[in-house]
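Colleague: Can you walk me through this one? I'd like the sheets, the helix packing and any salt bridge worth a look.

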Amino acid sequence: MITRREFLKTAAVGTIGLGTTVQTIASRSQNTGYFGLHPFIENHPEAVFIMRTSVEDKMNAEAKLQAGLAFGRSVFVPRDETGIPITISIPVKPNMKTADPFKYDMESIISHVTDPYFVEGSLASIIELGVPGGNIHLREVNRPEHYGVPYGFSGVAERLGADIRLDQSPDVSQLKEGADFNWVEIPDGTFYKRIPYLEPINTPDTWMLNLSKFKAHGMGLTLCCKNLQGSVAHNYQQFCANYNAKMSIYSSDQHADAYTVIKANFDRHLAAGVPRWDKPGSDFNSGIGMETWVTRTLDNLSVTPCGLHVIEGIYGRDGQGNSDYGPNPIDQPHDFNTTGVSSDGKAWDWMSNVIIFGKDSFRVDIIGYWLGGHEPGNIGLFHCAIDKGMSTALDPNKIPVYLWDNGTATLTPLQNFERTPLLTYYLCRNYNGQTEFIYHLMNEPYDYGTVTGIEEPSVPEKPEAYVLYQNKPNPFNPYTSIEYSLPKSAYARLEIYNSFGQLVEVLVDGYRGAGTHMAVWNTMNRASGIYFYRFRSGGFTETKKMTLVK
């Protein structure tokens, strides 16, 4: 885990400009009319992938743009008719924020949102596959008093030709059904009977992308599950309203016994030992308040399918991630273990340089919490999701984690990744004689063996033998994926030969852990023809044939 003394100071505002753009969106379409996730990601919904970035300065727009392009080009690929039609509507939910441009500059606001330049690069990679820019819809609910421009994102939408809309209405009655929002029934809802979603989120024949931010919040860290709260129209998005509060929504959309059921669930979870659920009070920063927020959040997640969940962690923010308040002094770094909170405490940004993503929001967030310096077993959201039957994950060490490097996935021990401690004010233990600082890490040890409902094990079983799989797709152009499995940790080498037996490329050459791995061969500069790939490890050797057709 990095120390907070290793904080990298940000550079001058002048290093970033709203004129930054993807100069040329090259076509990666193979004229199939379809795109999709890389098959390895699609076929491993139980896994979480971590891509390292190398951005040194949070204000370097070009570096962040290139990180987004590298991410998108390796994750979003051409597909056959089993993929997603390029004519589909793609609602995108970044963490966006509006502000008055006459009061706030880019540097003061950019840390509160999913980085707009990373988002631009990611979405440009989808447009490269043939998806029209107008089919991409950026959406976010916002408080009415926050009128202003969606910093950074207005330029993103303009440059990509995408549609952007923020709900700044006082309430849903001011919106037009079918144009601004749509109603969705919540069949298994505990609090909500139905929820209004910002069009085209949760409408038929759409494919949604969840792009969250690696930052602290009153609910712990915002991440993927929290980020989707902003897809709901006013005032239904007020998930953190106090327990037993009368919300400004139609009474017919709330279960009459909602608060009674929430209280019963809270009592049960408290008795079961959900961490920090014993904090007194009734606002969101109390045990029963957090139970209330989690209940509404799970209602939302139960009906909101997403094609991919992403945490942008090029830089992470501690303290109160939606503001500039935090545990740090204004001028110099210091030891966070001796820091309380003061009236001039500041939030800081940390160059964490990770993109965390996967198909399952709970698993992605569990790994996100761990990388943020927290022990996920201490987070009540995950316990309640297991109790409701929506998740079977809790222990981060039971989730298969892959290092994602330009489309190559290497099964990697979680401990090989550097952690960035992001302090939060979630359920601070400042009661019953406890003196925990307001901003803290929830990194106390947790015994995962005491929790029922966890899938054991989530990590794929170790193969009993060496296996080399047939490449996919085959025939292919311009890339193909090759999976291989090792029964034990060993040196592995994967080579590509042409039809004359000449070695043309080495895809893998190093030590790999036991389990399944995947390598990608990008053939942009190779001629059509028959090729062979040979895998060697621990005395095992096997060769298979593949065909490149351009």
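Modeller: This is a predicted model.

Colleague: How many bridges join β25 to β26?

Modeller: Nine, with β25 covering residues 529-537 and the two strands running antiparallel. In that pair, Phe532 stands opposite Lys545 in β26.

Colleague: And β22 with β23, how many bridges there?

Modeller: Eight bridges join β22 (residues 490-498) to β23 (residues 503-512), and these strands run antiparallel. Glu495 stands opposite Val506 in β23.

Colleague: What do β22 and β23 form, and what about the turn?

Modeller: They form a hairpin with four residues between the strands. Gly501 sits in the turn and has a positive phi of about 80°.

Colleague: Over how many bridges do β1 and β4 pair?

Modeller: Two, in the antiparallel sense, with β1 spanning residues 34-37. Phe35 stands opposite Ile84 in β4.

Colleague: Switching to helices. At what angle do α4 and α5 pack?

Modeller: About 20°, with the axes 9 Å apart; α4 is residues 116-127 and α5 is residues 153-160. An angle under 35 degrees counts as roughly parallel, and α4 and α5 are therefore roughly parallel to each other. Their crossing is right-handed.

Colleague: Which residues in α4 and α5 meet?

Modeller: From α4, Pro116, Tyr117, Val119, Glu120, Leu123, Ala124 and Ile127; from α5, Phe153, Val156, Arg159 and Leu160. The contact divides into nine nonpolar, no polar and two charged residues.

Colleague: What angle do α7 and α8 make?

Modeller: Helix α7 (residues 258-272) and helix α8 (residues 287-301) pack at about 115°, with axes 10 Å apart. The crossing of α7 and α8 is right-handed.

Colleague: Which residues make that contact?

Modeller: On the α7 side, Tyr259, Ile262, Lys263, Asn265, Phe266 and His269. On the α8 side, Gly287, Ile288, Glu291, Thr292, Thr295 and Arg296.

Colleague: How do the residues of the contact of α7 with α8 divide?

Modeller: Into four nonpolar, five polar and three charged.

Colleague: Last topic. How many salt bridges in the whole structure?

Modeller: A search finds 24. One links the side chains of Lys58 and Asp349, at 2.6 Å from N to O.

Colleague: Where do Lys58 and Asp349 lie?

Modeller: Lys58 is in the loop between β2 (48-52) and α2, and Asp349 is in strand β16 (residues 349-350), so the pair ties together parts that are 291 residues apart in sequence.

Key: Residues are numbered from 1 along each chain as its sequence is written. This is a predicted model: local features need pLDDT of at least 70, side-chain atom pairs count only at pLDDT 80 or more; totals for chains, interfaces and linings use all residues. Side-chain values use heavy atoms; hydrogens and water are left out. Two strands pair if DSSP finds at least two bridges between them. Axes are lines fitted to C-alpha atoms, for helices over the stretch in contact, and angles run from 0 to 180 degrees between N-to-C directions. Angles under 35 degrees count as roughly parallel, over 145 as roughly antiparallel, 65 to 115 as roughly perpendicular and the rest as oblique. A crossing is left-handed if the near helix is turned anticlockwise from the far one by less than a right angle, and right-handed if clockwise. Contact means heavy atoms within 4.5 Å. Ala, Val, Leu, Ile, Met, Phe, Trp, Tyr, Cys and Pro count as nonpolar, Asp, Glu, Lys and Arg as charged, and the others, Gly among them, as polar. A salt bridge is a side-chain nitrogen of Lys or Arg within 4 Å of a carboxyl oxygen of Asp or Glu.
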